Amino acid sequence: EDFKLVKDLGIRETGILVSCSDYHIFKKLKMTRKQAMDTYLAAVAQAFEAGVMPRCHLEDITRADFYGFVVPFVNEIQKLSQEAKIPVRIRACDTMGYGVNFPGAVIPRSVQGIIYALNVHAGVPSELLEWHGHNDFYKVVTNASTAWLYGASAVNCSLLGIGERTGNVPLEAMIMEYASLRGSFDGMDPTVITEI
C-alpha cells in the first residue's frame, strides 16, 4: 500500500531500509539472515510491481558480513532490477561512523573497499551508488570524499551536519570538498554558507 501511495503522489523513487549487519538482523529484527534477505527482496519486488524505483539503504554496512550477506543480497537486488527494467539505487550507510579510509583498511570498515566491492562484485553502477555517513568518530567528511573518489556518485548531506547522534555529512563541507576536487564551484554560491 505504501508503494501505491508513493506512485499515486507522483514520486518516482522511495527509500527502503535494508539493515545488513548481524547486529541489526539478529538483535533488532530478530530474524535470520535468510529471513531478512527474503523480507527485503519481497519489499523491493513490491516496489518494482508498483512501478517505483527503490533506494535500498544498506544500514550498518561497516559492521556487516560483506561477502557473506551484502554482496549476495545486492546481487539478488540487481537481478530483480534487470527483470523489472527499473534501476535501483544502493545507499551504503555507515550507521555508526566506523568507516575508515586508511590504506590497508579492510572491509567492512574500509570505505574505499565498500564502494569498490559494491561497484565491481555486486555490479552497482557508480551513478546508482551513494554514501551515507555518520560522524561518531569525526571521519564523516574524509569518508564521504573517499566514497566519491572511489566511485559513489552521491553523498547524503545535511545542513551544518545536523543529524542523528553526532550528525551526518555537512553539506557546506562537501561543497568545499567538491570545489577542491573539481577546481570549480560549478555554479554553487558558497557565500550562502555564511547566511546558513
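**Salt bridges**

Q: How many salt bridges are there?
A: The count comes to 13 salt bridges in this structure, which is a predicted model.

Q: Which residue does Arg 55 pair with, to take one case?
A: Arg 55 forms a salt bridge with Glu 13, and their closest N and O atoms are 3.3 Å apart. Arg 55 belongs to strand β2 (residues 53-58) and Glu 13 to strand β1 (residues 13-17), so the pair ties together parts that are 42 residues apart in sequence.

Q: Where does Glu 130 come in?
A: Glu 130 also forms a salt bridge with Arg 55, with the closest N and O atoms 3.0 Å apart. This pair links distant parts of the chain, as Glu 130 is in strand β4 (residues 129-133) and Arg 55 in strand β2, 75 residues apart.

Q: And is Glu 130 buried or exposed?
A: Glu 130 has a relative accessible area of 3% and is therefore buried, the cut-off being under 20%. Arg 55, at 21%, is partly exposed, and Glu 13 is likewise partly exposed at 21%.

Q: Which residues are linked in a network of salt bridges?
A: The network links Glu 13, Arg 55, Arg 89, Arg 91 and Glu 130.

Q: Changing topic, what about Glu 76?
A: Glu 76 forms a salt bridge with Lys 79, the closest N and O atoms being 3.0 Å apart. The two residues are three apart in helix α4 (residues 66-84), so about one helical turn separates them.

Q: How accessible is Glu 76, and how accessible is Lys 79?
A: Glu 76 is partly exposed at 30% relative accessibility, and Lys 79 is partly exposed at 44%.

Methods:
Residues numbered from 1 in each chain as written. Predicted model: local features only at pLDDT ≥ 70, side-chain atom pairs only at ≥ 80, totals over all residues. Heavy atoms only, no water. Salt bridge = Lys/Arg side-chain N within 4 Å of Asp/Glu carboxyl O. Helix = DSSP H or I, 4+ residues; strand = E, 2+ residues; numbered from the N terminus. Buried < 20%, exposed > 50% of the residue type's maximum accessible area, 1.4 Å probe, protein only.
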